[in-house]
Amino acid sequence: MVFSFFKKDPKDAKKVVGGRGRPSAPAPRAAGATDAATRPVPKPIGRPLANPADRSLDRSSLPGAGPASGDSAVPERERMRNHARQTAAKIDAIEAEMARDLMGKPSRSAGVPTQRPSPITDILAPTTVAPRMTAPAPKAADPIDVNSEQLVGNIDAIEINTSSGGSVIDETAILFANGQADAAENVLRAGLRRDDLGSATLMAWHMLFELVNQRGDREAFEQLTMDYALRFEQSPPAWVEYTDSVASRPAASAAAPAAPCALPGVRLPETVDAGIVALLEQLRGLTATHAAVNLDVSDAKSVDLAGASLLLRVIGAFKRSHRELTLVGASPFAGVLSRMVESGRRDPSDALWMLLLEVLRMLDRHDEFEEAAIQYCITFEVSPPPWEPPPAHLKVAPASSARAAGAEVAPAGLPLELHGTVDGEGEPHFSRLAAGARNQAQVVIDCSQLRRLTFSAGSALLGTLRRIRQGGSTVELRDVSALVSALLHLLGVTALASVNSRYS
């Protein structure tokens, strides 16, 4: 027996519906035919759609996605979807037309497809439509503009000048600058023996004199003078006595307390307040041309908070720069500061207390420093600065009774001095050179005691001279030895400064 959902129950065939008459007899059935009367017609589960069914992955139209919204739900969704498509198409068309107008692209009527501009093009495009003009072709970069950084002082790009002078002169100058004096002399003597230096022969002889002079060989120097006189029939170079300027400085510093006004400096008035700014600016200008200066406080009778703050900044600057400062009249000045402070009285600033501690440190008075530090701690309820030995370059001197004539003003035109061996970045010499050029139209450098200038220092000097020339000042190097002069010419320094050799 086959079970079927559509087979009638036998009991239902016997029932008769009232008022409708009796059921008619079934028609005879052909052999093999299906009994259509016994098979119920299935009812439709829904209305057919007016338009073709949408097969897109719209989850809202799937069964079970949500409650039914009625017969009009599906057409409404179709209408909204078609409206969105039309809106997007209109936006694309508008954007394409704007890109054509702004960027000068051909229109669609010309048969050329229009592409959407990239985001970068949109940002660079003008915001208003203006008549299109043919832009001139970009001008090729001028070679001078490309290398302008080298012209304004890039010391990393150094042009070695080999247009004049033989390779022997250049090689000797480089070897000596690098500290290879023996190798430099061998190269120079070999070139002189070949006698093929041409116009550089005289320069080579002067360099040989300098090499023999610096190694202190008097006998070889005298032999050279005779050979030179016989060949050139003129007076030979003279022997140069080099003095160790660096070694002689401690003696001068030791004598400074006895004669404190021998050094240039400034003298403060009786009242140390904000009015000392001009004097401190003058002191800063003196440091440009002098390695050691004086700050005379012998006349000081009172100090306020502003004056104490200024002096603290000056002392701190000297301490960081490692330049020599002598505080003339430091001992009586410490007494003045002790009277200006009071234990337990908290001023708006602790400048007076800090200046007192600084002066006591320079005087190397440890016990007085510790006592003042305790009183400072009681007054301001903070830890005092610790004791430190006085720096070697911060000195003190007894009070001076009278002003020295011209002590506050640097002598006009006093040249800077280069002595011994200048290496590395040439500090502190080149920084003083640059500072002096800000106050003078012409700066003179005395090189009579300059033994050797290293290649790196020569490069740094070249950059310093370029910056000075840009500021409008000029530089003159006087009494330069033949070896240093050859190096300066090799580096191109002679194009930026006047180099006067001692043998010219």
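Is Phe-369 buried or exposed, and what is its relative accessible area? In this predicted model, Phe-369 has a relative accessible area of 0% and is therefore buried. Phe-369 lies in helix 15 (residues 366-380). Its ring pairs with that of Trp-387 in an edge-to-face arrangement, with 5.1 Å from centre to centre and 70 degrees between the planes. Trp-387 belongs to the loop between helix 15 and strand 6 (394-397), and the two residues, 18 apart in the chain, link distant parts of it.

Across the whole structure, nine aromatic pairs are found. One of the pairs joins Phe-209 and Tyr-228; the ring centres are 5.5 Å apart and the planes meet at 80 degrees, so this pair is edge-to-face. Phe-209 is in helix 8 and Tyr-228 in helix 9 (residues 218-232), a separation of 19 residues. Phe-209 is buried at 0% relative accessible area, and Tyr-228 is buried at 1%. Both residues are members of one aromatic cluster that also includes Trp-205, Phe-221, Phe-232 and Trp-239.

Helix 8 (residues 201-214) also packs against helix 18 (residues 482-491), at an angle of about 130 degrees and with the axes 8 Å apart. The two helices are therefore oblique to each other. Helix 8 contributes Met-203, His-206, Met-207, Glu-210 and Leu-211 to the contact, and helix 18 contributes Ala-482, Leu-483, Ser-485 and Ala-486. By class, six of the contact residues are nonpolar, two are polar and one is charged.

Conventions
Residues numbered from 1 in each chain as written. Predicted model: local features only at pLDDT ≥ 70, side-chain atom pairs only at ≥ 80, totals over all residues. Heavy atoms only, no water. Axes fitted to C-alpha atoms, helices over the stretch in contact; angles between N-to-C directions. Helix = DSSP H or I, 4+ residues; strand = E, 2+ residues; numbered from the N terminus. Parallel < 35°, antiparallel > 145°, perpendicular 65-115°, else oblique. Contact = heavy atoms within 4.5 Å. Nonpolar A, V, L, I, M, F, W, Y, C, P; charged D, E, K, R; others polar. Phe/Tyr/Trp six-rings, centres within 6.5 Å; stacked < 30°, edge-to-face > 60°. Buried < 20%, exposed > 50% of the residue type's maximum accessible area, 1.4 Å probe, protein only.
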